[in-house]
Amino acid sequence: MPSLAEILKKGPKKSYMAQLGYVEREGFYAAMPADSNPLVMYAAFDALARGGGDLASPVETEEMMKAWQSAPDGGLEGFKSALLAANARKYSAYGVFFFLIALVFDLIIESGQNAFFP
């Protein structure tokens, strides 16, 4: 895995947060070797960003990368737990969003029934 400085250097810095030093997904992909598996790159950045989109905190990224590189098992267990936590966070947000949409639809249907079928 490339260093954080390499990743930040290769990023396009399209957004304000990226200009402040946040790690961009495109910069992470550009810093990886050309023969890297795209699914692995996606999963690695998702774990670094904690499931939160296209930007990752540089402080948290540096801490995770150091922990993964210094682990005796090559960082596999730390990577797996970070990826699981990121996906759990993402799917729980989807679940909450689905619940809120269902609640709004229920209120619309109930209001329509009360308005047209008293």
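This is a predicted model: local features need pLDDT of at least 70, side-chain atom pairs count only at pLDDT 80 or more; totals for chains, interfaces and linings use all residues.
Let's begin with helix α5, which runs over residues 58–70. It has 13 residues and spans 18 Å from its first C-alpha to its last, close to the 18 Å expected at 1.5 Å a residue. Now, which residues of α5 are buried? They are Thr61, Met64, Met65 and Trp68. These four cover an arc of only 100° around the axis, which means that they sit on the same side of α5. If you turn to the other side of α5, you will find Val59, Glu63, Lys66 and Ser70, and these are exposed.

What do the buried residues of α5 pack against? Two strands are among the partners, β1 (23–24) and β2 (55–56). The helices α1 (4–10), α4 (38–48) and α6 (76–116) are partners too.

Let's zoom in on one residue of this helix, Thr61. Thr61 has a relative accessible area of 0%, so it counts as buried. Leaving aside residues up to four places away in sequence, Thr61 touches Leu4, Val23, Leu48 and Ala56.

Leu48 brings us to α4, and to how α4 meets α5. A quick reminder: two packed helices are described by the angle between their axes and the distance between the axes. For α4 and α5, the axes come within 9 Å and cross at roughly 120°. The two helices, α4 and α5, are therefore oblique to each other. On the α4 side, the contact is made by Ala44, Ala47 and Leu48.

Next comes α6, with 41 residues. From its first C-alpha to its last, α6 reaches 59 Å, close to the 60 Å expected at 1.5 Å a residue. Its buried residues include Ala82, Leu83, Ala86 and Lys90. The buried residues of α6 pack against α4 and α5.

So how do α4 and α6 meet? Their axes are 8 Å apart, and they pack at an angle of about 75°. That angle makes α4 roughly perpendicular to α6. Here α4 contributes Tyr42, Ala43, Ala44, Asp46 and Ala47 to the contact. From α6 come Phe79, Ala82, Leu83, Ala86, Asn87 and Lys90.

My last topic is the aromatic rings. How many aromatic pairs does a search of the whole structure find? It finds 4. In one of them, the rings of Phe28 and Tyr29 have centres 6.4 Å apart and planes at 55°, so this pair is tilted. Phe28 counts as buried, at 0% relative accessibility, whereas Tyr29 counts as partly exposed, at 28%. Phe28 and Tyr29 also form one aromatic cluster together with Phe45.

Another pair is made by Tyr91 and Tyr94: their ring centres are 6.2 Å apart and their planes are at 50°, so this pair is tilted as well. Tyr91 and Tyr94 are 3 residues apart in helix α6, which means that about one helical turn separates them. Are these two tyrosines, Tyr91 and Tyr94, buried or exposed? Both are exposed.

Terms used. Residues are numbered from 1 along each chain as its sequence is written. Side-chain values use heavy atoms; hydrogens and water are left out. The expected span of a helix is 1.5 Å times one less than its number of residues. Buried means under 20% relative accessible area, exposed over 50%, partly exposed in between (1.4 Å probe, protein chains only). The arc is that of the directions from the helix axis to the C-beta atoms. Contact means heavy atoms within 4.5 Å. Rings of Phe, Tyr and Trp (its six-membered ring) pair if their centres lie within 6.5 Å; planes under 30 degrees apart count as stacked, over 60 as edge-to-face and the rest as tilted. Axes are lines fitted to C-alpha atoms, for helices over the stretch in contact, and angles run from 0 to 180 degrees between N-to-C directions. Angles under 35 degrees count as roughly parallel, over 145 as roughly antiparallel, 65 to 115 as roughly perpendicular and the rest as oblique.
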